[in-house]
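Please keep the sequence and the model in view while reading.

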Amino acid sequence: MLYISTALYIEAQEFIKKLNLKRDNSITKFEVFKNEDVLLIITGVGKVKSAVAVSYLLSKYDIKENDLFINIGVCGCRDRNVQFGEIFICNKILDNDTKYTYYPDMLLAHPFKEASIETFSRKVAEEEVEAELVDMESSALYQAASLFFQPHQIIFLKIVSDYLNPDIIDNKHIINIIERNADSIISWLNTLGRGLTTNKEILTKYEEDLINMVAENLKMSTTMKFELKQLLIYYKLVNNDIMEVLKKYLELECKSKNEGKMHFADLKNRLVK
Amino acid sequence: MQTSKIGLLNRAFSHIYVEKRAKDYELTKEILNRFKNANIIEIDHYKDIFCRSNQNFVLQKQSPKLILAVKQNNLIYRGADVCEDFGNKHFFYTSIMMNCIYDCEYCYLQGMYTSANIVIFVNIEDYFLEVKELLKKHPVYLCISYDTDLLAFERITNYVRKWIDFARFHKDLVIEIRTKSANFDSIKDITSIENVIFAWTLSPDEVIKKYEHNTPSLQNRLNSIRSAIDKGWKVRLCFDPILYIENWKEQYEVLIDKVFKNISGNKIYDVSLGLFRVSKDYLKRMRKQRPNSVVLNFPFENEGGVSSYNQSLSEDMIMYVYKKVSKYVDKEKIYI
């Protein structure tokens, strides 16, 4: 699942249209749009609003290792050689209030330029800015998203809209620069996410239940049960099946812990020869 | 087992993080010059990147970044108990780099570090100063390539060359350079000295193929070893960690026979044997990083906080390898 946040509806509308996202009416506190693969939330402007909204949304879901969080939004830029509408992925996020710095893990390949971004709580003058880009949400969003995602799953994609003078830009300008870039962003997003899986549960739920049953039959302590589970994980990785070896113990009922220990010793020998 | 799509991730060293205070070091400039297309990101302290919580070690191994930093304080450590001291009273080690380009599935570093990114401390002169201070008190036996593989990185850092140059003028210092690299060529022009030992870790071909990802083949390592011996260097062979794998007896027999078919046993300085062993806490983290790893999921026994094979299996394995090696090398040269 791709979790997208934007501060404003006008930053989201092109993606809502192109990705065919539908309003999730079960959520009333924020505007949330979704399809099967994408969830998009409009957070509102500023650090507090954006962090609250993203925390609210993400805490409702079980985040998986191939899920991604992407903040898409317009930003200011110090460098007047950068064109309006140019896209950047942020590799460093400074919080101007706290002076803390955050670093998304730059594992994913992308076709865009990279830059640092500084998050301010107010309008800024050029001489105050340390980073290349400026916005009002990134540092807070990073902190909120970090509770749910690993640092490589958190992405900040910023589109330059002004040279630190946001007052002169209007909605039409924002819609225009996002429209111009939406296709290239979406085509990159389509390449992401699915390949990030590194972990896999070894034992199925059914196998876990069987292990619990055997542990009960053999009157095992918690430590012994833990040991049995580790033995069976190893056995399954080597032999790809634990049913055969467990079968005998599923119907066994030990009368005492000592009897259970004897059977466990026998089972251990069968598992690690 | 990893299912990440190649091409989805950035290439290795796509990003180089540079501490502000490391910027003006010569090595920093050389490395940045070498990786001209990398994104350079200025940082205050290497731990801001290296010690972030919740990093994905396994994915980072597929797209490692470089971190250039200046190490301050605690540059030289006393040797840990789980490490063989080869009878040296003043046994120390140092980590002028952290992590390496190889990706060994059993590597303890994935339990020790929160990141797979590679840190290079660029202030080697400060390390030399601290060793000089120690040498005023007593001789020093120093392992310089424990938490990394310096020789594998030689073309980027020249650190092996620099340490050897340093050792050449400090006869009370003995340096061990542990490696799996086949990169002896990068230092073949250096005249050998008595107080440097190259220690090559050797494993059966199948272990290399299955568990020592990105490392040179056994034959390539042996070729490097032969070159080192021919140039007069002291070479230690490390059959460590010895792993419990299918047909382990046959695998280790083939390995040992192959090694000594290529290298005469009497030309070896010494041999070190060690079973896979790791701190219980590290193992827990390692299993979390690689839940599918057969080699890490063996049901080890825990003794005094160290996880390893049970006593009877341990004895079987170590004695078997010891006997095989002792066919080729004097027993007094074999350390267990």
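## A strand pair and the sheet around it

In chain B, residue B:Phe91 has B:Tyr141, in β9(B), as its bridge partner. This is a predicted model, in which local features need pLDDT of at least 70 and side-chain atom pairs count only at pLDDT 80 or more, while totals for chains, interfaces and linings use all residues. Residues are numbered from 1 along each chain as its sequence is written, and chains are lettered from A and ligands numbered from 1 in the order in which they are written.

Some terms are needed at the outset. Helices (H or I, at least four residues) and strands (E, at least two) are DSSP runs, numbered from the N terminus. Two strands pair if DSSP finds at least two bridges between them.

The strands β5 (residues 91-94) and β9 (residues 140-143) of chain B run parallel and are joined by 3 bridges. Strand β4 (residues 76-78) of chain B is joined to β5(B) by 3 bridges too, but these two strands run antiparallel. Within that pair, B:Phe92 in β5(B) stands opposite B:Arg78.

Axes are lines fitted to C-alpha atoms, for helices over the stretch in contact, and angles run from 0 to 180 degrees between N-to-C directions.

How many strands does the open sheet with mixed pairing have? It has 8 strands, in the order β4-β5-β9-β10-β11-β13-β14-β18 (chain B). Its edge strands, each pairing on one side only, are β4 and β18 (334-335) of chain B.

## A second sheet in chain B

Another open sheet of chain B consists of 3 strands in the order β15-β17-β16, with antiparallel pairing. At its edges lie β15 (277-279) and β16 (301-303) of chain B, each of which pairs on one side only. On average, neighbouring strands of this sheet are turned by 30 degrees against each other, direction ignored. Strand β17 (residues 306-308) of chain B pairs with β16(B) in the antiparallel sense over 3 bridges, and B:Ser308 in β17(B) is the bridge partner of B:Glu301. Helix α11 (residues 280-289) of chain B packs on this sheet, touching β15, β16 and β17 of chain B, and its direction makes about 95 degrees with that of β15(B).

## Helices of chain B

Helix α7 (residues 159-168) of chain B has B:Tyr159, B:Val160, B:Trp163 and B:Ala167 among its buried residues. They lie on the same side of α7(B), because they cover an arc of only 100 degrees around the axis. The arc is that of the directions from the helix axis to the C-beta atoms. A residue is buried if 20 or more other C-beta atoms lie within 10 Å of its own, exposed if 12 or fewer, and partly exposed in between; C-beta atoms are placed from the backbone. The cover over these buried residues includes α5 (124-137), α6 (154-157), β10 (173-179) and β11 (196-201) of chain B.

Helices α10 (residues 248-262) and α12 (residues 311-326) of chain B pack at an angle of about 25 degrees, with their axes 10 Å apart. They are therefore roughly parallel to each other; angles under 35 degrees count as roughly parallel, over 145 as roughly antiparallel, 65 to 115 as roughly perpendicular and the rest as oblique. Among the residues of α10(B) that meet α12(B) are B:Trp248 and B:Tyr252, and those on the side of α12(B) include B:Met317 and B:Tyr320.

## An enclosed strand in chain A

In chain A, 10 of the 10 residues of strand β5 (residues 68-77) are buried, so this strand is largely enclosed by the rest of the structure. Both faces are covered, with A:Leu68 among the buried residues on one side and A:Phe69 among those on the other.

| Strand of chain A | Sense of pairing with β5(A) | Bridges |
|---|---|---|
| β1 (residues 2-6) | parallel | 4 bridges |
| β10 (residues 154-162) | parallel | 8 bridges |
| β9 (residues 133-135) | antiparallel | 2 bridges |

Conventions: Contact = placed C-beta atoms within 7 Å.
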